[in-house]
Amino acid sequence: EIQEIGQACRRASRRGSELIQRLLSFSRRQSLNPSPTAVNTLIEDITVLLERTLGENIRVVSKLDKDLPPILVDSNQLETSLLNLALNARDAMPSGGTVTISTDRAQRQRILPGEAVRLIVSDEGTGMDKDIIEHVFEPFFSTKSKGSGTGLGLSMVYGFVKQSGGHIDIRSRPGKGTTISVYLPVYQGTETEAAPARKPLPIDQRSAKILLVEDDANVRNYV
């Protein structure tokens with residue numbers, strides 16, 4: 001019994017850690033370690049992982065612009081974001097299909113100052129209507145059945161892109177698949193300044209209270 005309780009605590013801790021990391025990402029408060037990154041090389045490396053992860057009925061295709069400048073980004077978080085986008089694409093194609101990952105150079109003067117690199121992840125899945133698209137980047141919003149996901153995948157991608165100085169948009173139609181485009185600024189040769197430290201909230205610890213809201217039985221029972 002003690003061993004079962006310990007295992008449940010560890011599962012709850014891991015899940016809580018993942019949820020907190022994704023919420024920090026959405027709120028743009030996670031710690032990033034940006035460095036000059038060759039996007040195509042990163043995609044080529046992660047494609048091998050995706051081919052094994054997405055399943056036999058999912059085909060992964062890369063269409064990469066060979067003449068791309070580097071971008072300044074946290075490469076680990078970018079890999080995680082691409083993995084999230086690919087998993088969402090897979091889930092939208094229950095009968096199988098093709099996930100296409102593309103790159104090119106994009107000039108987005110109205111959204112990003114100067115030149116940007118665009119990463120595109122598209123699928124041939126069920127697609128979404130306008131009402132759903134308006135909410136897809138909100139934390140905990142999900143069209144999947146209960147227990148099939150946290151609803152934080154796209155919100156994490158959104159927060160990471162915004163914190164990296166980029167932009168993300170989505171185009172989709174029911175029955176016509178989905179295309180998500182991520183725009184990230186080109187590396188200019190100088191490191192970006194670190195974000196200023198946030199001041200802690202003025203909380204009186206003698207009277208502070210913590211409200212816990214949790215719908216997962218494992219987490220609720222052992223917290």
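Start by selecting residues 39-53 and 75-91, which are helix 2 and helix 3 of this predicted model. Their axes come within 11 Å and cross at roughly 40°; an axis here is a line fitted to C-alpha atoms over the stretch in contact, with angles running from 0 to 180 degrees between N-to-C directions. Helix 2 and helix 3 are therefore oblique to each other (under 35 degrees counts as roughly parallel, over 145 as roughly antiparallel, 65 to 115 as roughly perpendicular, and the rest as oblique). The crossing is right-handed, meaning the near helix is turned clockwise from the far one by less than a right angle.

Next, show side chains. On helix 2, pick Leu42, Ile43, Ile46, Leu50 and Thr53; they meet Ser75, Leu78, Glu79, Leu82, Leu83, Ala86, Leu87 and Arg90 of helix 3 (contact is heavy atoms within 4.5 Å). Colour this set by type and you get nine nonpolar, two polar and two charged residues (Ala, Val, Leu, Ile, Met, Phe, Trp, Tyr, Cys and Pro are nonpolar, Asp, Glu, Lys and Arg charged, the others, Gly among them, polar).

Of its contacts between residues at least 6 apart in sequence, 73% join residues at least 24 apart.

Housekeeping: numbering starts from 1 along each chain as its sequence is written. Local features need pLDDT of at least 70, side-chain atom pairs 80 or more, while totals for chains, interfaces and linings use all residues, and side-chain values use heavy atoms, without hydrogens or water.

Technical notes: Helices (H or I, at least four residues) and strands (E, at least two) are DSSP runs, numbered from the N terminus.
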